[in-house]
Amino acid sequence: MSEIRLFVTSTEKQVEAVLDVMSTIFEDEDFAIATMEIDEKRDVWEASVYMMADEEESARVRLVEALAADFSHLPIEREVLPDIDWIAKSLEGLAPVRAGRFVVHGSHDRDKVRTGEIAIEIDAGQAFGTGHHGTTAGCLEVLASVAHTRQVRNVLDLGTGSGVLAIAAWKLLHVPVLATDIDPIATRVASENARRNGVVTGMTFATAPGFHSTAFSANDPFDLIIANILARPLMKMAPQLVANLAPGGSVILSGILAEQRWKVLAAYNGQRLKHVRTIWRNGWVTIHLTK
C-alpha cells in the first residue's frame with residue numbers, strides 16, 4: 001500500500017504554526033509530522049503529515065477542518081511516495097555523529113570508533129533516531145553532562161524510537177532503563193538495537209500510549225527522564241511526566257523547534273521545574289530541567 005504525504009507550503013513562521021495544528025490533531029496517532037526548508041532565500045517551507053493510502057480521506061478531512069480558521073488560504077497538496085525505504089536510503093553513507101562522549105555510527109563505520117568513545121551502532125531502519133537529527137544529538141550531549149553532575153539510579157526514555165538514547169543511557173550509567181513508545185514497531189526495533197549493542201540485561205522495553213501503563217508505575221520514580229518527542233505532546237504531558245520524576249531528578253526534553261521553546265519551558269516551569277540549560281542544533285533545541 002502506498003504512503004501519502006499531505007503538505008502545505010508557506011513561510012517558516014506560518015509553517016511552524018501549521019505544524020502546531022498538525023501536532024494537535026494527530027498527536028495520539030502514529031502519523032509522522034515534519035517541516036522542511038525548500039528555499040532559504042525566498043523563505044519557502046513545507047509542513048507535512050505522512051500516512052498510508054487508506055488513512056488519507058479521514059486525515060485530509062480533519063486537516064482541512066483544523067486549518068480552516070487561520071490557514072484556509074494555504075492549499076493542501078498531495079504526494080504519493082514510492083514504495084522505497086526512504087529512511088535507509090537517505091542515511092546511506094552518513095558519517096558517524098559525535099555528541100559528548102558518544103559516537104553513533106552504522107555497522108559499516110565500526111572501524112571509525114575512537115579510543116574512549118561510547119559507541120552506539122544504529123543502522124537506518126523503521127524507527128526514528130540515528131543520532132544525525134539535531135534533537136537526538138542534543139539529547140546525547142545533555143545526557144553526558146547530566147552524568148557528570150548528579151547520581152542517576154534509573155532512567156526513562158519516553159518515545160524511544162530506535163532506542164539510541166536508551167542504549168546511550170545504559171552504556172554511560174549502567175543503571176536500569178525503561179524505554180517506551182506508542183508504536184509497537186519502534187519498541188521492537190529498539191529492543192533489537194539494544195541486543196545488537198550488547199545490552200542484554202538492565203533494559204526494559206514497553207509499548208505504552210500514556211503514563212497510565214503499568215510499565216511506569218512498576219519502575220517510577222525516575223532520576224532521569226528523556227523525552228524526544230514534539231513540543232505539543234511534551235506540554236500536554238508535563239504534569240504526568242513530572243509526577244513520575246524523583247525529587248532532584250533531571251528531565252531532558254527535545255523534538256522542540258527553537259521558536260517553541262518558550263511554550264515548553266512555561267509548561268514545565270508551571271510544574272516547578274528549574275531550567276538548567278538549552279542546546280541549539282539546526283533549528284531545534286534540547287532543554288535540561290531539574291526538579
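Author: With a caution on the record: UniProt annotations may be inferred rather than shown by experiment. The model itself is predicted. In the unreviewed UniProt entry, the feature "binding site" is placed at Thr136, Gly159, Asp181 and Asn228.

Reader: Why is Thr136 called buried?

Author: Buried means under 20% relative accessible area. Thr136 has 1% relative accessibility, so Thr136 counts as buried. Its place is in helix H4.

Reader: What makes Asn228 buried?

Author: The relative accessible area of Asn228 is 12%, which is under 20%, so Asn228 is buried as well. Asn228 is in strand E11.

Reader: How do you know that the side chains of Asn228 and Thr135 are joined by a polar contact?

Author: The cut-off for such a pair of N or O atoms is 3.5 Å. The contact between these side chains is 3.2 Å, so the distance is within the cut-off.

Reader: Why is the aromatic pair of Phe211 and Phe216 called tilted?

Author: The ring centres are 4.7 Å apart, within the 6.5 Å needed, so the rings pair. The planes are 40° apart; stacked needs under 30 degrees and edge-to-face over 60, so the pair is tilted. Phe211 and Phe216 are both buried. A search of the whole structure finds one aromatic pair.

Reader: What makes Arg5 count as lying over the face of Phe7?

Author: Arg5 lies 3.8 Å from the ring centre of Phe7, and the distance limit is 6 Å. The direction must also be within 35 degrees of the ring normal.

Note on methods:
Residues numbered from 1 in each chain as written. Predicted model: local features only at pLDDT ≥ 70, side-chain atom pairs only at ≥ 80, totals over all residues. Heavy atoms only, no water. Phe/Tyr/Trp six-rings, centres within 6.5 Å; stacked < 30°, edge-to-face > 60°. Buried < 20%, exposed > 50% of the residue type's maximum accessible area, 1.4 Å probe, protein only. Helix = DSSP H or I, 4+ residues; strand = E, 2+ residues; numbered from the N terminus. Polar contact = N/O pair within 3.5 Å; in protein donor to acceptor, adjacent residues only side chain to side chain.
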